[in-house]
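Please read it alongside the sequence and the model.

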Amino acid sequence: MNHSPLFQPLKVGALNLPNRILMAPLTRTRAEVGHVPGDLIAEHYAQRAGAGLIIAEATMVMEGNSSFISEPGIYSDAQVEGWKKTTSAVHAAGGRIFLQLWHGGRACHPLLNGGAQPVAPSAIPITNDEVHTPEGKKPYVVPRELRDDEIPGIVEGFRKAAENAKAAGFDGVEVHGANGYLIDEFLRDGANHRTGPYGGSIENRARFLLEVVDAVISVWGSDRVGLRISPLNSYNSMIDSDPIALVTYLAGALNERHLAYLHVMRGDFFQQQQGDVLTPVRGIFKGALITNMGYTAEEAAADIDAGKIDAVAFGTPYLANPDLPERFAVGADLNAPDASTFYTPGPRGYTDYPFLAAVAAGA
């Protein structure tokens, strides 16, 4: 199979990527006390520096909005210093890395945040799932509906996080607008039942996202800012009545902002919503279109070659294959990921997957 389209260079905003095999953001809960990224996280990302671009994991923009036990943040001086280890290691290995800026919204839990009730566009909880807490798995709680006058403070939190990401040495940032977290909760009408300037019409539901994007652009410039959305994904009890109309509007609104890229999750983890969201985006959005969810190397190469997309962000394959581009280049078998270690502490299942060269040497 011809994988050569994957290895064509690609200009993404201010960056020139050597290949189109990107590393998707993957929450791995390996941060140290205080949500500080340490040496282990730096090693993990440096191992994967062969990616055209690494998009680092969902990172808290503001204190008190944890959805996991040990995810990293970018709101404290200690976190900035911790992330410098990662950016320095990735750059020393010849790589490029963006940080994903994130607010957990209603996916947060009081037991993870000093008893604080999570916030959301509407007082609608996540159902049919539980969250890991220090006291074990617990149901999600009903969030508190944000007041309109509180929203500018959260936008400012994203802007400050963007500044901190720049100070930490990242090459740019990706705004996390996907998977049922705060921005996505505003976007989709299954979670946003509010009235006023941030609810009702698609234009109003997109207002918060666009304010965040504009704030982040004010720090980085548009050519170092990306956005991830998941218009079909039902993860975290999400649904929208018209995802095609939503992405059509967003693609046009984002054109005016000249982002480095738009990163679209093409499907639904649970297959509850179906539809083609890539074709309408491709027809409108003028920047680089990155997609992911379930791509093989063969499908990714074929779709890039056909002009349907510009690059693919691989998630699960990068968990177990730090040298994924090299394996794609020679058609090598992939290591199988160990799901039992996805969210556990320590190096096992994180930095100990074998490289192809080590496998060959041991053969």
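The structure, a predicted model, holds 11 aromatic pairs. Rings of Phe, Tyr and Trp (its six-membered ring) pair if their centres lie within 6.5 Å; planes under 30 degrees apart count as stacked, over 60 as edge-to-face and the rest as tilted. Local features in this predicted model need pLDDT of at least 70 and side-chain atom pairs count only at pLDDT 80 or more, whereas totals for chains, interfaces and linings use all residues. Residues are numbered from 1 along each chain as its sequence is written, and side-chain values use heavy atoms, with hydrogens and water left out.

**Trp102 and Tyr181**

- The ring centres of Trp102 and Tyr181 are 5.4 Å apart and the planes meet at 85°, so this pair is edge-to-face.
- Because Trp102 belongs to strand β5 (residues 97-102) and Tyr181 to the loop between β10 (172-177) and α4 (182-187), the pair ties together parts 79 residues apart in sequence.
- Helices (H or I, at least four residues) and strands (E, at least two) are DSSP runs, numbered from the N terminus.
- Both Trp102 and Tyr181 are buried, a term that means under 20% relative accessible area (1.4 Å probe, protein chains only).
- Ring pairs join Trp102 and Tyr181 with Phe68 in a cluster.

**Phe314 and Phe328**

- Phe314 and Phe328 also form an edge-to-face pair, because their ring centres lie 5.2 Å apart with the planes at 65°.
- This pair links distant parts of the chain, with Phe314 in strand β14 (residues 311-314) and Phe328 in helix α11 (residues 324-330), 14 residues apart.
- Phe314 is buried at a relative accessible area of 3%, and Phe328 is buried at 7%.

**Overall build**

- The chain has 12 helices and 14 strands.
- A compact globule of 363 residues would have a radius of gyration near 21 Å, and the 19 Å of the chain agrees with this; the radius is taken over C-alpha atoms, and the globule rule is 2.2 Å times the number of residues to the power 0.38.
- Along the principal axes, the C-alpha atoms fill a box of roughly 60 × 45 × 40 Å.
- Of the 363 residues, 58% count as buried.
- Among contacts (heavy atoms within 4.5 Å) between residues at least 6 apart in sequence, 73% join residues at least 24 apart.

Note on methods. Buried means under 20% relative accessible area, exposed over 50%, partly exposed in between (1.4 Å probe, protein chains only).
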